[in-house]
Structure formats: structure tokens, C-alpha cells
Amino acid sequence: RLWWGCGGRMEPSLSLAEGQKRFSLAKTKDYEGHKKNVRTVAWNCNGKKFASGSSDVRVWALEPHSHSKDLELRGHTDQVEQLAWDPLNVDRLATASVDRTVRLWDTRSGKSQSIATSGENINLAWSPTADQIAVGSKEDIISIIDVRKGKVVRTARFHWEVNEISWSRDGKLFFLTTGIGSIEVLAFNPKMEKIRTLACHTGNIYCLGVDPTGKYIAAGGADAVVSLWDMDEMVCVRTFTQLEWPVRTLSFSHDGQFIASASEDMAIDISHVESGAPTHTIACRATVDTVAWNPMQYLLAYAEDARGREEGLIHVFGFS
């Protein structure tokens, strides 16, 4: 069962062999518009458009025979470090910036609501019910925003480096990755009590993802390993070790069958989740900062830390 999505027809799941064949024949399209490198990409919940964050924010329509930009969103005064779409609304986007604000956008009109935060924001996540947003700062403070009220309603300061945050698919658990190689599992309630510490990696954990079925959580670390954890048992069931440099970003496919991860290897690894088998490698021209699978089909958006003519491009892999 898939927890999130805004309706529409999902592409049927592929087996390992089918995925290897499909991805080996897939083509990539480029989307051009940003002047500086893109830090973050994300798809809306029906997979028909995606957003990208740099020194500016852009929203792109996914059309079969076009890749013209849809909308530029203006309002932030500094770098946008992370963005995420409302899990239930195809037109609402949240962006977190080091300018000490979170903005909620209506991507139909381009208008936004600015919410002040206490620090320079580096990560952001929506609750599954879309009524709350968590935002993390460079000062390791997590602020919870009440979306309806449009303001921060509580904060929590942590005594370790917080790199990435996420809710479980049912909204009962809240995950933080740390600078000491662990995932902290908290109960999402007013006290945010710690339930468990998952000792995952030998160094910093930079990225985190919950698969669409709610079965697994994955973490990528400075040790160049992606670890996969069973959500019910809270045990590590396998690791992915195709990369040789610190893992910066990861994403599960729409059906949870495949996981993409990337680093400074100048390549994206796509592996089969259940077997751990390597499925495909996407060759890149620079370090990859962000990857995101489409929530409805096998399309992977990604952006590189490129220079020159490649700077500011977003790539979408998976077209036939």
C-alpha cells in the first residue's frame, strides 16, 4: 500500500531484470533556467510538475514534448537549501532558506506566505497529513510550523548535529539523522520523546528517505554506505555499497522497488531494494547534490554541482 499520492495512474512495478532493461534504454532531458547550481529538487504529489531550489525557486511542468519552464517564484533573499511539496495538494510548495524564513507558495499564482524562523534553515519536511511542517536550522533547532496558523508553534534544540529530518508515513514517528552516525527515532508528540537510537554509520549521516510503502527507511553517510532499515523491527536489513564517496542524497522509486543514491562519484547508483542488486548507473559530469524519483512513474530528477554551461541545469532521467 502506498501512503501518499494525489490520485492518478501509477506506472506498474518492474522486477530487477525489467528495471535493468528499462533503465539501460532510458533517455535524459535537461531543464535550463537557474543561474546558479541547484541544491534541491522535488516532485508534486501527482508527478506532473517538479520544483527546484537554488538562489531562486522554479516550478517546471512535466510535459511529453516540452520542457519549458513554468514559473519562477520570487521572495527569498538567500539560498534555498530544501523544498518539499504538500503531500495532499498538487499546487502548494514549501521552501526553506538560509534567509531565516520558510515560504508557503501557491504555484498557480506565484504568491507566497513568509514564516519567520529562528535560524538559517537547511532542511524541511511535511507531515503526512499536511497540517504541519518541520524545519531544521544550522543551529540544530527543529521548528514545527502549524500550516493553518502560518507560524512556528514549538521548537526543540538538539545537542548533536542534525542533518536531515522526516516523518514516518503514518505520522507517529519523527526521524533525525546526526553527525555521529545515528538515526534518532522520536515519538511525534508535544514532548518529542526519544524512542530509539539506530547506530547506522561510522560517520556523519547526510541524507534520509522513507519508502512509499512505509516498510523501510534508508540513510546515506560519510562512509559511502546506504543502510536500509525495517520500520517495524528497527533493524538494518541490508546495505548498498556501490558508491565510493560520502552519500549526499537518496530517493525511493514510486513503488519502493528501487533506490537511487549519489555522491561525489560523479554517478548515480540505482539498486534493487529487496535484493540489494545493482540495477543501473547514471554517469554524471559533476558531484550530484540532489535526486528525487517521480511519485507516479520511473522518472528521476537530479542536479549536479556543475560549472560553466552545465551550471543551473536540472536533469530528468527515464524517458523512453
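Select residues 49–53 and 57–61 to begin: strands S3 and S4 form a hairpin with three residues between them. Strands are DSSP runs (E, at least two residues), numbered from the N terminus. The model is predicted, so local features need pLDDT of at least 70 and side-chain atom pairs count only at pLDDT 80 or more, while totals for chains, interfaces and linings use all residues. Residues are numbered from 1 along each chain as its sequence is written, and side-chain values use heavy atoms, with hydrogens and water left out.

**Strand S3 and its neighbours**

S3 and S4 (residues 57–61) pair in the antiparallel sense over five bridges; pairing requires that DSSP find at least two bridges between two strands. Within this pair, display lysine 49, which stands opposite alanine 61 in S4.

Valine 41 has serine 52 of S3 as its bridge partner. The hairpin of S2 and S3 has five residues between the strands, and there glycine 47 takes a positive phi near 70°.

Now colour S3 by accessibility. Five of its five residues are buried, so S3 is largely enclosed by the rest of the structure. Buried here means under 20% relative accessible area, with exposed over 50% and partly exposed in between (1.4 Å probe, protein chains only). Lys49, Ala51 and Gly53 lie on one side and Phe50 and Ser52 on the other, and both faces are covered.

**The sheet S18 to S21**

Four strands form an open antiparallel sheet in the order S18-S19-S20-S21. Its edge strands, S18 (205–210) and S21 (235–240), each pair on one side only. From one strand to the next, the twist averages 25°, with axes taken as lines fitted to C-alpha atoms and angles running from 0 to 180 degrees between N-to-C directions.

Within this sheet, select S20 (residues 226–230), which pairs with S21 over five bridges in the antiparallel sense. Valine 226 stands opposite phenylalanine 240 in S21.

**The largest nonpolar core**

Finally, show Ile268, Ile270, Ile282, Trp293, Leu300, Tyr302 and Phe317, which touch the most other members among the 17 residues of the largest nonpolar core. Such a core is a set of buried Ala, Val, Leu, Ile, Met, Phe, Trp, Tyr and Cys residues joined through side-chain atoms within 4.5 Å. Strands S23 (258–262), S24 (267–272), S26 (288–293) and S27 (300–304) each supply at least two residues of this core.

Centre the view on isoleucine 270. Leaving aside residues up to four places away in sequence, isoleucine 270 touches Phe23, Phe258, Ile259, Ala260, Pro278, Thr279, His280, Ile282, Trp293 and Phe317, contact meaning heavy atoms within 4.5 Å.
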